[in-house]
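Welcome! Please take a moment to look over the sequence and the 3D view, and then let us walk through a few of the strands and the core together.

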Amino acid sequence: QVQLVESGGGLVQAGGSLRLSCAASGSISFINSMGWYRQAPGKQRELVAAITSEGRTNYVDSVKGRFTISRDNAKNTVYLQMNSLKPEDTAVYYCNADRVVTYKGDIDDYWGQGTQVTVSS
């Protein structure tokens, strides 16, 4: 069984920084892509940033230049460094692992439980 455990959310003032972490555990052979999504109240969940196993990244336009996604393949862990935070970044942030291959040969996608990020003005 594969689990994603997130940490690092919290309350920060506008202009501040937070670092989110997400560790995948279980009988994992390979993870294709890992990423962070967010969902604000009354809004749809959106992709914030993603990174492939080769290190290719993509970001939603609103966070480019402020957020940095990184990944430690040996630890099956993905990070999101968030700088210059704005009140509009307030949301629940969810970790996603796309096309996780287990040693049994199963392939599936997984989500973390979500971590709250609140940016005060």
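Ser21 is found in strand β3; helices (H or I, at least four residues) and strands (E, at least two) are DSSP runs, numbered from the N terminus. This is a predicted model, in which local features need pLDDT of at least 70 and side-chain atom pairs count only at pLDDT 80 or more, while totals for chains, interfaces and linings use all residues. Residues are numbered from 1 along each chain as its sequence is written, and side-chain values use heavy atoms, with hydrogens and water left out.

Is Ser21 buried or exposed? Ser21 is buried, because its relative accessible area is 17%, and buried means under 20%, exposed over 50% and partly exposed in between (1.4 Å probe, protein chains only). Leaving aside residues up to four places away in sequence, Ser21 touches Val5, Glu6, Ser7, Trp36, Val78 and Tyr79, where contact means heavy atoms within 4.5 Å.

Now for the sheet around β3. An open sheet is built from four strands in the order β1-β3-β8-β7, with antiparallel pairing. The edges are held by β1 (3-7) and β7, each with a single partner strand, so one side of each has no neighbour in the sheet. From one strand to the next, the twist averages 15°; axes are lines fitted to C-alpha atoms, for helices over the stretch in contact, and angles run from 0 to 180 degrees between N-to-C directions.

| Strands | Sense | Bridges |
|---|---|---|
| β3 and β8 | antiparallel | six bridges |
| β4 and β9 | antiparallel | ten bridges |
| β4 and β5 | antiparallel | six bridges |

Ala23 stands opposite Thr77 in β8, Trp36 faces Cys95 in β9, and Tyr37 has Leu47 in β5 as its bridge partner. The hairpin of β4 and β5 has six residues between the strands, and Gly42 there takes a positive phi near 80°.

Finally, the core. In soluble globular proteins, nonpolar side chains tend to be buried together. The largest nonpolar core here has 29 residues, and those with the most contacts inside it are Trp36, Phe67, Val78, Leu80, Met82 and Tyr93. Such a core is a set of buried Ala, Val, Leu, Ile, Met, Phe, Trp, Tyr and Cys residues joined through side-chain atoms within 4.5 Å. Elements giving two or more residues to this core include β3 (18-25), β4 (28-39) and β8 (77-82), and β9 gives the most, with five residues.

Technical notes: Pairing = 2+ DSSP bridges.
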